[in-house]
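Here is a short report on one protein model and its ligand. Look over the sequence and the structure first, then read on.

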Amino acid sequence: MKTIVITGSSSGIGKATAKYFAEKGWKVAATMRRPENEIELNQLDNVSLYALDVTDEASIANATQQILRDFGTVDVVLNNAGYAVAGPFEATTAEQIQRQFATNVFGLMSVTRAFLPHFRANKAGLFLNVSSIGGRVTFPFLSLYHSTKWAVEGFSESLAYELGELGIRVKIIEPGGVDTDFAGRSMVFAVEEGLTAYNEALGKFQANQGKSGLAANTADFLAEGIYNAATDGKTQLRYLIGPDAEQVYGMRQQIGDDAFVAGVKERMLSTC
Ligand SMILES: NC(=O)c1ccc[n+]([C@@H]2O[C@H](COP(=O)([O-])OP(=O)(O)OC[C@H]3O[C@@H](n4cnc5c(N)ncnc54)[C@H](OP(=O)(O)O)[C@@H]3O)[C@@H](O)[C@H]2O)c1
């Protein structure tokens with residue numbers, strides 16, 4: 001039986017993927033910050049819950065040890081946990097900057113490092129790192145989030161060279177828009193009282209948000225795409241998942257960086 005470890009499985013893409021792999025007969029280590037609150041995944045035969053906060057090294061070490069003891073072999077690690085800080089960069093606090101990177105980048109790196117000795121010993125294993133279409137293009141007022149996902153892209157692409165030499169693979173998952181709690185509870189808005197210089201642009205951005213070109217794919221659709229990336233046997237590095245993601249990135253490739261950025265500015269920062 002194949003095995004997968006998933007971070008951030010309490011909701012959204014992580015939870016849907018845990019269910020999908022379990023249905024396909026995989027053993028799933030569904031990790032999350034508060035497994036005691038989970039009432040759905042703990043009902044499934046092939047799913048085991050583990051406490052893992054990607055910003056806490058001790059919790060990563062404990063979960064890794066327990067999972068390897070219980071499972072024996074891990075085939076795939078899905079680095080999925082993440083959230084977004086939105087709003088004007090100037091309004092963000094040092095703590096918000098640190099925490100955004102601690103979760104989306106350093107947490108992903110720490111989980112990767114924790115499972116590497118096991119993968120190296122097996123001369124096999126696959127890291128699926130969840131980036132975003134936002135790791136290939138950017139939109140206004142999301143500079144922190146985009147910078148973490150662009151970091152995940154560069155980290156993963158470079159890491160793939162050295163791990164490939166050891167029989168370990170790295171793939172990058174790039175969802176388009178997904179209908180999860182992400183834009184709600186996983187989005188923090190940076191606000192600084194008295195900082196009004198960005199209000200006009202923010203107002204335009206908010207009025208034009210529907211013009212990003214992104215659509216609402218379901219978490220189940222993402223789960224299927226992630227399963228495909230895990231099982232297709234290909235050496236493909238990047239998986240854009242969602243017709244919206246393919247369309248938006250296709251446009252960037254077609255017209256080039258400058259025209260694409262000008263187009264986003266025109267659509268999203270113009271007066272309606
Ligand atoms: N939704 C989209 O449109 C979209 C598009 C592209 C990429 N993505 C990426 O997809 C991934 C999953 O997002 P989602 O859409 O499924 O949103 P979601 O439903 O809000 O899920 C986010 C998950 O990350 C977990 N998490 C946050 N901080 C964590 C930490 N320190 N340690 C462990 N887990 C942590 C959350 O756990 P708690 O329950 O403990 O908060 C939650 O399970 C993220 O990396 C996101 O950037 C999403």
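K123 sits in the loop between α3 (94-122) and β6. The model is a predicted one. K123 is exposed, with a relative accessible area of 63%. Its phi is near 50°, a positive value in a residue other than glycine. Most residues other than glycine have a negative phi.

F141 also has a positive phi, near 60°, and is not a glycine. F141 belongs to the loop between β6 and α4. Is F141 buried or exposed? F141 counts as buried, because its relative accessibility is 15% and the cut-off for buried is under 20%.

## P88, a contact of F141

F141 is one of the residues in contact with P88 once neighbours within four places in sequence are set aside. P88 lies in the loop between β5 (84-86) and α3. P88 is buried, at 7% relative accessibility. From P88 to R33 the chain runs 55 residues, and the two C-alpha atoms are separated by 28 Å.

## The ligand site

R33 is among the closest residues to the ligand, along with S10, Y145, T180 and S186. In total, 29 residues surround the ligand. By type, this shell divides into nine nonpolar, 14 polar and six charged residues.

| Residue | Ligand atom | Distance |
|---|---|---|
| S11 | oxygen | 2.8 Å |
| D53 | nitrogen | 2.9 Å |
| S186 | oxygen | 2.4 Å |

How much of the ligand does the protein bury? Taken alone, the ligand exposes 900 Å², and the protein buries 94% of that. Two elements give two or more residues each to the shell: α1 and α4 (143-164).

## The nonpolar cores

Nonpolar side chains tend to be buried together in soluble globular proteins. Here the largest nonpolar core has 30 residues. Those with the most contacts inside this core are I4, F21, V28, L128, I173 and I226.

Which elements give two or more residues to this core? On the helix side they are α1 (12-23) and α6 (219-231). The strands are β1 (3-6), β2 (27-32), β4 (76-79), β6 (126-130) and β9 (238-241). The largest share, seven residues, comes from α6.

V28 shows how such a residue is surrounded. Beyond its neighbours within four places in sequence, V28 is in contact with I4, I6, A18, F21, A22, N46, V47, S48 and F71. Among these, I4 and F21 are also residues with the most contacts inside the core.

There is a second, separate core of 21 residues. V5, V54, I67 and F127 are included in it.

## Buried polar and charged residues

E174 is in strand β7 (residues 169-175). Why does E174 count as buried? E174 counts as buried because its relative accessibility is 0%, and buried means under 20%. The side chain of E174 makes a polar contact with the side chain of R136, at 3.2 Å. R136 is also on the list of residues that E174 touches, not counting those up to four places away in sequence.

Q100 is found in helix α3. Q100 is buried too, with a relative accessible area of 0%. Its side chain reaches the backbone nitrogen of V85 at 2.7 Å. Leaving out residues up to four places away in sequence, Q100 touches Y83, A84, V85, V105, L144, Y145 and T148. Y145 is one of the closest residues to the ligand as well. Q100 and S147 stand 47 residues apart in sequence, yet their C-alpha atoms are 9.6 Å apart in space.

T64 lies in helix α2 (residues 57-71). T64 counts as buried, at 5% relative accessibility. Which residues is T64 in contact with, leaving aside neighbours within four places in sequence? They are A114 and F115.

Methods
Residues are numbered from 1 along each chain as its sequence is written. This is a predicted model: local features need pLDDT of at least 70, side-chain atom pairs count only at pLDDT 80 or more; totals for chains, interfaces and linings use all residues. Side-chain values use heavy atoms; hydrogens and water are left out. A nonpolar core is a set of buried Ala, Val, Leu, Ile, Met, Phe, Trp, Tyr and Cys residues joined through side-chain atoms within 4.5 Å. Buried means under 20% relative accessible area, exposed over 50%, partly exposed in between (1.4 Å probe, protein chains only). Helices (H or I, at least four residues) and strands (E, at least two) are DSSP runs, numbered from the N terminus. Contact means heavy atoms within 4.5 Å. A residue is near a molecule or strand if one of its heavy atoms lies within 4 Å of it. A polar contact is a pair of N or O atoms within 3.5 Å; within protein, one must be able to donate a hydrogen and the other to accept it, and residues adjacent in sequence count only if both atoms are side-chain atoms. Accessible areas come from the Shrake-Rupley method with a 1.4 Å probe; for residues, only the protein chains shown count as cover. Ala, Val, Leu, Ile, Met, Phe, Trp, Tyr, Cys and Pro count as nonpolar, Asp, Glu, Lys and Arg as charged, and the others, Gly among them, as polar.
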